[in-house]
Structure formats: structure tokens, C-alpha cells
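Let's take a walk through a protein structure together. Keep the picture open beside you and follow along as we go from strands to helices.

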Amino acid sequence: MMKNFISKLFDQKLRSRTISYLLVIIAFIILQIMSSTGGLSSLLKSLLVPVCCYTVAAIGLNLNVGFSGELNLGQAGFMSVGAFTGICVSGVLASSITNPLLRLIIAIVAGALIAAAMGYIIGIPVLKLQGDYLAIVTLAFGQIIKSLITNMYLGFDENGLHMSFVENKVSLGAGGKMLLQGPMGATGTQRIATFTIGVILILCALTIVYNLIYSKSGRAIMGCRDNRIAAESIGINVANTKMLAFIISASLAGAAGALYGLNYSTLVPNKFDFNTSILILVFVVLGGLGNMTGTIISTTILMLLPELLRSLQDYRMLIYAVVLIVIMLVTNNAFLQTKAAKLRESLIKGKKGAKQS
Amino acid sequence: MAFLSYLINGLGLGSVYAIIALGYTMVYGIAKMLNFAHGDVIMVGAYVTYFALSLMKLPVLVSVLLAVAVSTLLGVTIERLAYKPLRQATSLSVLITAIGVSYFLQNGAQLLWGTSTKVFPSVISNGALTLGGLSISYLTLITVVVCLAVMGCLTLFINKTKTGKAMRACSEDKGAAALMGINVNQIISITFAIGSGLAAIAAFLLCATYPSVYPTLGSMPGIKAFTAAVFGGIGSIPGAFLGGLMLGIIEILAKAYISTQLSDAIVFAVLIIVLLIKPTGLLGRKLSEKV
Amino acid sequence: MVDEKTCMYCVEKVIGSFYNERNFTFCNQKLEMRVEMNYRNLLKGGLAAAMAFTMAACGSNSGSASGSTDSQSSGDAGKTAFKLGGSGPLTGGAAVYGTAVYNALKIAVDEVNAAGDVQFELDFQDDAHDPEKAVTAYGVLKDNGMQMSVLTVTSSPGAAVAPLYDEDNIFAITPSGSSLAVIYADASNKTGSYGNCFQMCFTDPNQGSASAIYLKDHADLGTKIAVIFKSDDNYSSGINDTFQAEAKEIGLDIVYTGSFTEDSSTDFSVQLTQAKDAGADLVFLPIYYDPASLILTQANGMGYAPTFFGCDGLDGLLTLEGFDTALAEGVYMLTPFSADAPDDRTQNFVKKYKDLYGETPNQFAADAYDCVYAIAQALKNGNATPDMSTDELTDILVKQFTSMTYDGVTGESMTWAETGEVTKAPMAVVIKDGVYVGAE
């Protein structure tokens with residue numbers, strides 16, 4: 001019975017899922033042990049939550065790019081929506097809900113919901129387009145979201161929320177608190193994000209995505225990607241199917257954003273610009289389109305890499321760029337791959353030969 | 001009157017976007033890749049022109065030619081080292097490589113030339129042509145004229161020369177082009193060379209109008225020009241020109257009449273609306289779908 | 001783990017990629033991104049390459065990694081040196097400010113170490129002007145055993161790490177993070193000051209109101225005021241907010257307010273045209289000098305010549321490489337530092353900076369230089385020794401900073417409030433014949 005269950009977990013159909021979950025859980029356990037024994041450096045500690053956030057956003061984007069086949073250059077925009085929603089929700093509830101964990105969960109859910117709503121609104125025009133036109137419109141929406149949040153002023157006092165746009169006209173009563181201050185974004189946020197919640201969020205994201213792609217709608221999504229016309233001809237509603245993937249992707253980014261926003265005491269709207277969208281896209285492509293385990297690994301490695309390169313000082317980002325290019329070349333070039341395989345074989349043979357003699 | 005002067009300012013800004021967009025659109029049309037490093041080739045072009053003008057004290061024309069040569073060389077090198085091995089890979093992989101190249105150029109420039117802004121020498125006289133109370137600065141005039149000339153030359157080249165014909169064939173169908181004896185690889189390299197050469201001219205015009213040279217100089221004009229290229233229909237040369245001009249004019253008018261703070265949002269909102277009405281841009285061809 | 005073989009193998013791969021033409025067939029690849037990359041391949045190929053690079057890099061550099069100053073100052077300092085941390089943008093768009101601060105810190109640390117009373121070991125990390133990176137940089141600094149810090153160069157990273165410094169009770173003074181959020185937990189109400197985070201520069205609101213009052217008192221400069229500020233920048237919008245508020249209170253006539261953002265910081269024709277049409281004879285520029293140089297050039301191009309007035313961000317205008325200083329003629333600014341000040345301290349610093357880095361230092365550099373000297377003075381007066389715990393050092397430094405007076409290149413007899421705000425006199429200077437002249 002037990003053996004059956006385990007072998008089922010590792011059979012063809014479920015293997016990739018099992019590996020993803022195991023990877024996350026094992027990493028979590030190791031890091032927890034290290035952290036409790038004090039073996040974890042401050043640097044690694046400070047990276048734990050952001051890695052979780054980017055991983056979740058990248059898993060969402062991978063659903064979008066890898067499974068749905070839509071190049072989305074505005075993922076950071078959804079993170080931004082989620083982040084500032086989460087910060088505002090947490091700020092407003094700070095006095096009524098004192099349990100930080102509960103507040104964090106409510107903030108993440110709120111961030112995910114608002115981002116999903118934004119995803120829906122944006123998805124209507126975006127999904128009418130194709131290819132690079134779709135990409136540029138997601139980029140445009142990302143820029144618009146950034147620009148709008150940069151001009152948003154939101155305050156909170158006993159009379160409720162006060163909002164103004166473009167100019168700061170918010171005047172608050174005694175004990176009031178500014179939640180959003182235009183270009184300054186949010187300051188003085190309570191840092192309630194935790195690594196445990198981050199890992200749980202990753203596991204949730206994996207569950208959602210895996211359940212989706214192995215379901216009927218998931219196959220429909222891939223069908224639309226591989227051949228839209230064929231999918232249409234067998235009665236799949238392409239618009240709805242793509243929208244589903246887009247909304248889920250957006251809501252995952254929103255949840256990731258909320259967790260991210262609540263991990264820092266300050267957050268500026270400029271953080272979620274085009275470069276951040278591109279960064280998440282790099283995680284996804286390097287990890288492999290449609291490969292969630294790959295996404296998790298590549299996010300972790302690429303977040304760690306610039307930190308490991310710190311000792312190079314000035315050359316750090318230069319080397320980072322070179323590594324990025326080299327990885328893309330090595331993993332995508334058929335000639336190189338066969339060459340590499342041969343080399344590896346001869347190396348192994350060489351070692352064996354050495355042992356025998 | 002104020003409206004007309006805004007319009008002229010918009011034309012000036014738009015021409016700069018247009019000439020950058022030309023480079024984007026050419027590469028896209030033939031190699032089918034979004035060359036995100038294009039903005040950074042512009043940055044390198046700007047630095048070369050700056051050094052030629054202010055340190056080596058070369059004449060303007062020679063400086064620009066030197067920059068064109070260096071940029072072309074750079075473009076071809078990038079193409080050979082980073083993009084060529086990926087001809088059979090997915091377009092996304094190439095996109096990521098392009099981003100890597102972009103990081104590389106930015107950080108390399110920062111190491112080589114420092115982080116501080118350098119001010120581009122003013123080479124075009126600051127005067128203005130006055131037409132009945134309306135003044136058009138020589139700079140704007142030259143920018144628009146150069147842009148038109150470049151577009152004209154490019155159109156002639158694409159339509160009248162044998163290489164141009166081969167380029168069109170490649171953009172249509174690479175497989176068929178190869179069967180007809182066209183060296184597709186070479187054509188793509190030539191496209192990169194021309195695109196990068198254009199980047200140097202764009203760099204000169206950009207810096208003559210907005211005289212700041214710094215390592216991240218290319219990124220924002222790059223994104224705007226990419227937007228312009230899509231706006232006009234990516235892959236289409238007149239489209240890139242029109243898209244660039246429209247983008248410049250909309251940006252200036254939005255700043256002047258709506259809000260300086262929200263001008264970026266407005267530009268992108270207009271882009272979205274245009275794409276919803278014409279899903280392949282202003283002058284883009286409608287792609288027929290094969291079943 | 002990663003040996004030479006792996007390295008060579010990666011190099012082989014890279015070299016191999018340049019000779020793959022014969023593998024080229026047709027490139028009619030579809031736009032669809034269907035190919036799934038096998039992560040095992042990625043692990044074996046790509047990651048090996050990445051790791052190899054990383055390890056090789058770490059291995060070869062680990063020796064010089066700890067001390068960021070030249071080996072001489074960190075070498076003989078040994079255990080008797082205070083670990084001075086800090087972060088700032090050394091890469092990315094804001095790198096120019098971080099580099100200026102880092103350069104000045106190196107000069108100051110070398111000077112202080114040479115003087116002999118206090119020994120520093122500088123550890124300055126890159127934060128790319130990003131709060132997220134600043135927090136990881138803080139992690140690195142803490143791992144390296146930082147005892148006190150110059151916080152961050154820019155404001156939003158500063159606001160992100162200030163609560164961490166507060167939690168760990170490490171003393172920090174920022175050279176140029178001028179936002180209130182760097183020293184207050186609740187910046188909008190000015191409450192909850194951290195107590196161990198100080199500023200060497202003025203706070204943004206301070207500069208805004210000081211500028212308004214100065215303009216009120218000097219009506220001869222211009223009475224119809226236009227403001228052009230950078231709306232997505234903390235510094236600029238912070239000054240603008242208080243300037244506008246103060247102006248309303250004391251009755252300045254603001255005829256036009258325009259703004260720009262990072263994404264539209266090249267073309268100012270609209271803002272300048274509208275300021276001109278509104279009849280403004282004075283343009284207030286609470287911005288940094290690089291966009292300001294573009295504004296001056298474009299205003300000159302359209303024949304608009306109001307009085308330009310700015311804050312400390314404008315300092316650096318004259319030192320821009322290639323900038324036609326004639327354009328800056330008659331520009332006023334309120335700044336605590338001018339590189340042309342005749343006193344020995346400033347002249348020595350400016351000369352050293354020029355000799356070493358080929359540029360004239362701006363106010364970022366000057367503030368950073370003062371930070372090191374101020375900390376050194378406080379440590380010396382408080383009889384602190386490097387073997388003390390950070391709690392003890394923080395106690396001493398906070399006590400010293402709130403009671404001492406410090407004379408530096410950015411002002412004489414500076415004092416600090418318990419909130420961390422500095423009190424020093426801003427000077428109004430005007431540019432005449434390409435040099436700063438004190439203005440009354």
C-alpha cells in the first residue's frame with residue numbers, strides 16, 4: 001500500500017510534481033535547521049523571503065509564458081498592485097487585528113484578489129492581441145500601473161481612508177497615517193512577512209499550477225498555445241481559457257507582491273518597473289518554460305549569484321551578465337550540447353580508465 | 001501658436017524615437033528577435049561620438065562616421081558571439097541573451113568610462129528659424145531632416161538593391177529564402193550591421209538634442225523606441241518612422257495639455273488603444289493564419 | 001567541488017559555440033515557445049558553468065574581499081580598527097552618487113588612519129539604489145562584523161535598512177539619505193525616531209522651507225516663481241512638498257508647477273515653455289544636477305533666461321564633464337558645501353579627490369567625508385576602542401553625537417538633535433564667471 005503510493009508519486013505522471021514539492025520542502029527543512037543552529041548568515045536570511053516572492057511570481061509567469069504561450073512583460077505591475085494592496089490592508093488592519101500572521105495572510109489574499117481583478121481588466125484587451133503585440137501591451141500596462149501608483153496618495157485616520165491623485169491633498173486627523181505617499185511609496189511598514197509563509201505560498205502556487213495544468217482546462221490552455229485554430233475547432237473557448245491562465249498568473253504575482261511589500265519597511269513604486277518584469281522573465285526562461293522545478297532552481301541561483309559575486313566588487317554585474325549569456329548559449333545550442341555530452345562521456349571514460357589501470 | 005510650437009517639439013523628439021525605432025524594426029523584421037541591447041549600442045555610439053568630439057576634437061562628420069564604424073563593429077560582434085549560436089533556439093532564449101548583452105554593455109561602460117554624466121558638446125548652433133512668430137530650432141530641423149533622409153535611404157536600399165531583396169525574402173520566409181540560394185546567416189549579420197550603424201546616428205541626434213551621456217542612457221529611449229516600432233507595426237520601416245513621430249508628439253502634447261506627471265501613462269494608454277483598433281500597429285501587415 | 005576540469009569544460013563550451021555554423025539549417029523557428037528545457041541539462045551544463053565562474057571568482061578574490069580600501073590601510077589596521085560599514089549604488093542608474101560617496105569615504109578613512117587616533121576598516125557594499133539589495137547588503141555587512149555604519153547613500157534604501165540598524169542597535173549616519181523616513185519610523189507624523197540613525201545632510205523638508213524663506217527675503221531674485229521637480233524622486237518631491245506649503249504660508253507667488261519622471265527626464269521643452277508663458281522670472285529646481293544641466297541648456301536654446309534657484313542637489317553642475325559653465329551663470333543654490341570654499345579643509349579634500357579620481361567632489365562626496373571625520377571625532381572623545389561591543393559603541397556614539405559640535409567641509413559647528421537631524425547653516429551661493437560666490 002505504502003510502497004504503491006510512493007511508486008505512484010514517482011511514476012511518469014506525477015514525478016515532476018513530486019520533485020518540485022520535495023525540493024521546496026527539503027530546502028525549507030535544511031534552512032530551518034541551519035537557522036535554528038545559527039549557521040545561517042545574515043545575508044542568506046535577508047534573501048529568504050525575496051527569493052520566495054520572486055519564485056511565486058515566476059511560477060505565475062511560467063504558467064503564462066510556458067503553458068499559455070503569452071509573452072508577458074508586465075508581471076512586475078501585478079506584483080506592484082499586490083504589494084501596495086497588501087501594505088495598505090495591513091496598515092489599515094494594524095490596530096484591529098494584532099496577530100501579525102493573520103494580518104499577513106489577509107494581506108496576501110487581498111493582494112492576490114486585487115491583482116486578479118486587475119488581471120481580468122487588463123486581460124480583456126491584452127488577450128485580443130498576439131505575439132509581440134501582446135508583449136508590448138503588457139509592458140505598457142506595467143508602465144501605466146507604475147505611473148498611477150507613483151501619483152497615488154492614500155491616508156488613513158479614524159474617519160476612514162482618504163485618497164488623492166497627482167497632488168497630495170490628503171490631510172489627516174490626529175493619529176492618522178499615510179499609507180501611500182506618491183513617489184515615496186509606503187514607508188514605515190510593519191515587517192510581518194516570514195519565510196515559513198513564503199514557503200507555504202510557494203507550495204500553494206505549485207499546487208494551483210499543477211492542478212490546473214493536469215486538468216481539462218490545463219490541456220485546453222496548452223491546446224490553445226500549440227494550435228489555436230485546432231483548439232477552437234474542437235470547441236475550446238480560447239478567450240476564456242487564456243484568460244484563466246492570465247488571471248491565475250496575475251493573482252500569484254499579487255500574492256508574491258504582498259509578501260514582498262510586507263518584508264520591507266519601505267517600498268517605492270519605481271521598484272516594480274520594466275527591469276523587474278524582465279528579471280522575473282529571465283528566471284522563467286532560464287529555469288525552462290513550463291518547468292516549475294526549473295523555475296524554483298533558477299530563481300534561487302540567480303538571486304544568489306550577484307551576492308556570491310560581491311567579492312568581485314566592480315566587476316560583479318559584468319560577470320553576472322556574462323554568466324547569463326553563457327548559460328543561455330550552453331543550454332540552447334544543439335551543437336554545444338552534443339559537444340558537451342561527448343566531453344562528459346570521455347571524461348567519465350577517462351576516470352574509469354585511470355581507476356582500472 | 002503654442003500648439004504649433006508643441007507640435008514642432010514633438011516632431012523633434014519623435015524623430016529621435018523614430019530613428020532608434022528603425023534599428024529595432026529592421027532587426028525584428030529579419031531576425032524576428034527583439035534586440036533589447038539596441039538601446040545600449042546607442043549608448044556606446046554616444047560615448048564614441050562624445051570622445052571623438054570633445055577629446056580628439058574631430059570634426060562632427062568624422063566623429064559620427066567613427067561612431068557608426070564602432071557601433072557597426074560592435075553590433076556585428078554581438079551578433080556573432082551572442083545571437084548566432086542561438087539561431088535555432090526559441091525567440092525567448094534570444095530575448096534573454098539580448099538582455100544579458102544589455103547588462104553587459106551597461107556595466108562595461110560604467111567600468112570603462114565611469115558613472116558620472118558627461119555633457120555632450122553643442123555642435124549644432126543653438127539658433128532658430130523664425131517663421132512668422134513660430135520658431136523652429138535648427139536642432140529640430142536637422143533631426144527631422146536626417147531622420148527622413150535615413151528612412152529614404154533605407155527604403156531605397158531595401159527595395160532597389162539585391163541585398164535588400166534578399167532581406168525582404170528572409171523576412172518573408174527564411175526556409176524558402178535559403179532554398180533560393182540566399183545566405184540567410186549573412187543577411188541577418190548585415191541587418192545587424194545596418195541596425196547598429198543607425199544606432200550611432202540615433203545616438204548623435206539624441207545627444208545633440210539632450211546633451212547628457214551616461215551608462216544607462218540607452219535604456220529608456222530603447223523602450224520608447226521599441227514601443228514606437230510596435231506602434232507603427234513592428235517590421236515595417238515607414239511604420240517605425242510614423243510610430244516614432246506619433247509617440248513623440250503624443251508625449252509632448254500629453255505633457256502640455258493634460259499632466260506632466262501622467263504623460264508616460266497617457267503615451268502607453270494611447271498605444272494600447274491603437275493596438276486594440278489595429279492589432280498589428282498602424283502600418284503593420286495583417287498576418288494570415290494557416291490552419 | 002568545482003575543479004579545473006569543470007572550468008575548462010565550460011570554456012570549451014563557450015568556444016565551441018562560435019564554431020557551430022555547420023549545424024545551421026533553416027531558422028524558421030516558430031514563435032511559439034514550446035520547447036521545454038530539461039532542467040537536468042540546465043543543472044549539469046548551465047549551473048556548472050555558473051558555479052564554476054562563481055567559485056573561481058570567489059576563490060581568487062577571497063583574499064582581498066574583506067577590506068575595501070587599499071590593502072595598506074586595512075592591512076596594518078589589524079584588530080585595532082573599527083569596522084565601518086555602509087552601502088550605496090555602485091552599479092545602475094544612481095551609481096554616480098554611490099561612487100562619489102565611496103571615493104570620499106576611502107580618502108577620509110585613509111586620512112583618519114594615517115592621523116593615528118582612530119583606525120577604521122571600511123566595508124562598503126553595492127545596493128544599486130534598491131531597498132531590496134540594501135537589505136541584503138546589510139546582511140553582508142553584518143556577516144562581516146560591522147560595528148558602525150554610514151547607512152546608505154540614497155533615501156529609499158536608507159529607509160529600508162534603518163529599522164534593521166535600530167533592531168540590531170548599530171550606530172549609523174547617512175551622508176546623503178535626506179528623507180525623513182531614514183530617521184523616523186513614522187515619517188509622515190515625524191514620530192518614532194530610531195535614535196541611532198543620524199543624517200549628515202539636511203532633511204528634504206528643511207531644504208524646502210529654507211528655500212522658500214530665502215526667496216521671500218530676496219525678492220530681487222524674482223517674484224513670479226515656477227517650480228520644476230522630479231515627481232518620482234523622494235528627494236525632489238520631498239523638497240517640493242514643503243516648499244509649496246511654506247510658500248503658501250508666507251505668500252510667495254508660484255505661477256507654475258511642472259514635473260518630470262525618470263522615464264521622461266530628457267525633454268523639458270513643455271515645462272519651460274509653460275513656465276515662460278506663465279511669466280515666471282525665477283525657476284526653482286529642487287533636483288539633481290544632471291537633469292538641471294539639460295534644463296539650463298534647453299532654456300538657453302529657447303531664449304528663456306529667468307533666475308534659476310536650486311538646493312544642494314544642484315552642486316556638481318560646474319564639474320559636469322563637458323558642461324558649458326556659461327549656461328550656469330547666475331544660478332543660485334542653497335548648499336552646505338562648495339568645492340571652491342577657500343578654507344584649508346575643503347581645499348585639501350578637493351585636491352586629494354581630484355588627484356585620485358580626476359573629478360571635483362560634489363556634496364555627496366563632501367557629506368561622506370564629513371561622516372567619517374565626525375564618527376572619528378566621536379569615537380576619540382568617547383574613548384571608544386574597537387574591542388567594545390556594538391551596544392557599547394552605539395551608546396558612546398549616540399551620546400557624543402547629540403552633545404558634540406563638529407566642524408567639517410559641509411559646515412562649521414554642526415550639531416545633532418536626538419532625532420538624528422543635523423543643524424548646520426546652508427549657504428546661498430551664486431555662480432559667477434564659472435565659480436561659486438557667496439550670495440547674501
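The paragraphs below look at a sheet, then at a hairpin, then at a pair of helices.

First, some ground rules: this is a predicted model, in which local features need pLDDT of at least 70, side-chain atom pairs count only at pLDDT 80 or more, and totals for chains, interfaces and linings use all residues. Residues are numbered from 1 along each chain as its sequence is written, while chains are lettered from A and ligands numbered from 1 in the order in which they are written. Helices (H or I, at least four residues) and strands (E, at least two) are DSSP runs, numbered from the N terminus. Two strands pair if DSSP finds at least two bridges between them.

Start with chain C, where 7 strands form an open sheet with mixed pairing, in the order E9-E8-E10-E11-E12-E16-E17. Which strands stand at the edges? They are E9 (253–260) and E17 (435–438) of chain C; each has a single partner strand, so one side of each has no neighbour in the sheet. On average, neighbouring strands of this sheet are turned by 25° against each other, direction ignored. Now look at E8 (residues 224–230) of chain C, which pairs with E9(C) in the parallel sense over 7 bridges. Here C:Val227 stands opposite C:Thr257 of E9(C). Across E8, E9 and E10 (282–285) of chain C lies helix H9 (residues 269–277) of chain C, running at about 175° to E9(C). Such angles run from 0 to 180 degrees between N-to-C directions, with axes being lines fitted to C-alpha atoms, for helices over the stretch in contact.

Next, move to chain A. Strands E1 (residues 152–157) and E2 (residues 160–165) of chain A pair in the antiparallel sense over 6 bridges, and a hairpin of 2 residues joins E1(A) to E2(A). One bridge links A:Asp157 with A:Gly160 in E2(A). E1(A) also runs antiparallel to E3 (residues 177–181) of chain A, joined by 4 bridges, and A:Leu154 stands opposite A:Leu180 in E3(A).

Finally, turn to chain B. Helices H9 (residues 219–232) and H10 (residues 237–257) of chain B pack at an angle of about 120°, with their axes 7 Å apart. That angle makes H9(B) oblique to H10(B), because angles under 35 degrees count as roughly parallel, over 145 as roughly antiparallel, 65 to 115 as roughly perpendicular and the rest as oblique.

Notes. Two residues are in contact if their C-beta atoms, placed from the backbone, lie within 7 Å.
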